[in-house]
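Dear colleague,

Here is the structure I promised to pass on. My notes follow below.

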Amino acid sequence: MWTRRRAQNGGDPFAHEREGMVDRQIAARGVRDPRVLDAMRATPRHRFVPERAREFAYDDRPLEIGHSQTISQPYIVAFMTELLEPGPDDHVLEIGTGSGYQTAVLAHLVKRVTTIERVAPLAEAARNRLADLGYCNVAVHAGDGTRGRPEDAPYDGILVTAAGPRVPDSLRAQLADGGRLVCPVGPRETQRLVKVTRHGDRFDELASIGCVFVPLLGEEGWHA
Ligand code: SAM
């Protein structure tokens, strides 16, 4: 069975599991954007989890990636990506690189991704992993992402993959006119995804589904 799948799927032993993940966990729960579904099909999630967790890479849950951090549940990655409305010419800023998986999904959809990770060894591992996999439209930086990265602003999209007490003001300020920001906001135990859309000096906010994320630690997040 293993050998036959390998041969059928051009050497990717997880292609079948990944198809199942997209159909049963993501499309069946209402994510419809065909570009997002294709990006989820194209991104080899098993390459972003530790070797010992590979067999669980396509399970319907987050997984530990070391340094007390996680790679998010596939459905949440797809849902947040759809909510961001990524366009092919967009420059997106991601806060919380973690394994680099969400970065890779975004890299399939937009022109350029800038991503910031607070834990330096995770940033370095993600940078190497993304380069090994051939993602060339991605820049990984180590540091406190709550301040954003003003030197590369404005951004058409900003995706925050850790939960803060509020949307950081620095990130709002770095959104382009018409830009979208998606961030989990709320108390440490449980949060809600918030989408902010900028129209000139006006910022429209929409609360979306409930979620549970690791804390956004930093100057405009929680204090460690
Ligand atoms: N997007 C990641 C992936 O696909 O693997 C998962 C991210 S994990 C849920 C949240 C990440 O946010 C952690 O790696 C954590 O270290 C990082 N983080 C927390 N506070 C941060 C900050 N102020 N700046 C940058 N990264 C931060």
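Buried residues in helix 4 are Pro74, Tyr75, Ile76, Val77, Ala78, Phe79, Met80, Thr81, Leu83 and Leu84. Keep in mind that this is a predicted model. The helix is mostly covered, with 10 of its 11 residues buried. Just after helix 4 comes glutamate 85, which takes a positive phi of about 55 degrees.

Now the rings. The structure holds three aromatic pairs. Two of them are described here.

Phenylalanine 14 pairs with tyrosine 58. The centres are 5.8 Å apart, the planes are at 35 degrees, and the pair is tilted. Phenylalanine 14 sits in the loop between helix 1 (2-8) and helix 2 (15-26), and tyrosine 58 in the loop between helix 3 (34-42) and strand 1 (63-66), so the pair ties together parts 44 residues apart in sequence. Both phenylalanine 14 and tyrosine 58 are buried.

Tyrosine 75 and phenylalanine 79 make another tilted pair, at 5.8 Å centre to centre and 50 degrees between the planes. Both lie in helix 4 (residues 74-84). They are four residues apart, about one turn of the helix. Tyrosine 75 is buried, as is phenylalanine 79.

Two arginines also meet rings. Arginine 45 lies over the face of tyrosine 101, 4.9 Å from the ring centre. Arginine 172 has its charged end over the ring of phenylalanine 203, at 5.9 Å from the centre.

Best wishes

Conventions:
Residues are numbered from 1 along each chain as its sequence is written. This is a predicted model: local features need pLDDT of at least 70, side-chain atom pairs count only at pLDDT 80 or more; totals for chains, interfaces and linings use all residues. Side-chain values use heavy atoms; hydrogens and water are left out. Rings of Phe, Tyr and Trp (its six-membered ring) pair if their centres lie within 6.5 Å; planes under 30 degrees apart count as stacked, over 60 as edge-to-face and the rest as tilted. Helices (H or I, at least four residues) and strands (E, at least two) are DSSP runs, numbered from the N terminus. Buried means under 20% relative accessible area, exposed over 50%, partly exposed in between (1.4 Å probe, protein chains only). A charge sits over a ring if NZ of Lys or CZ of Arg is within 6 Å of the ring centre and within 35 degrees of the ring normal.
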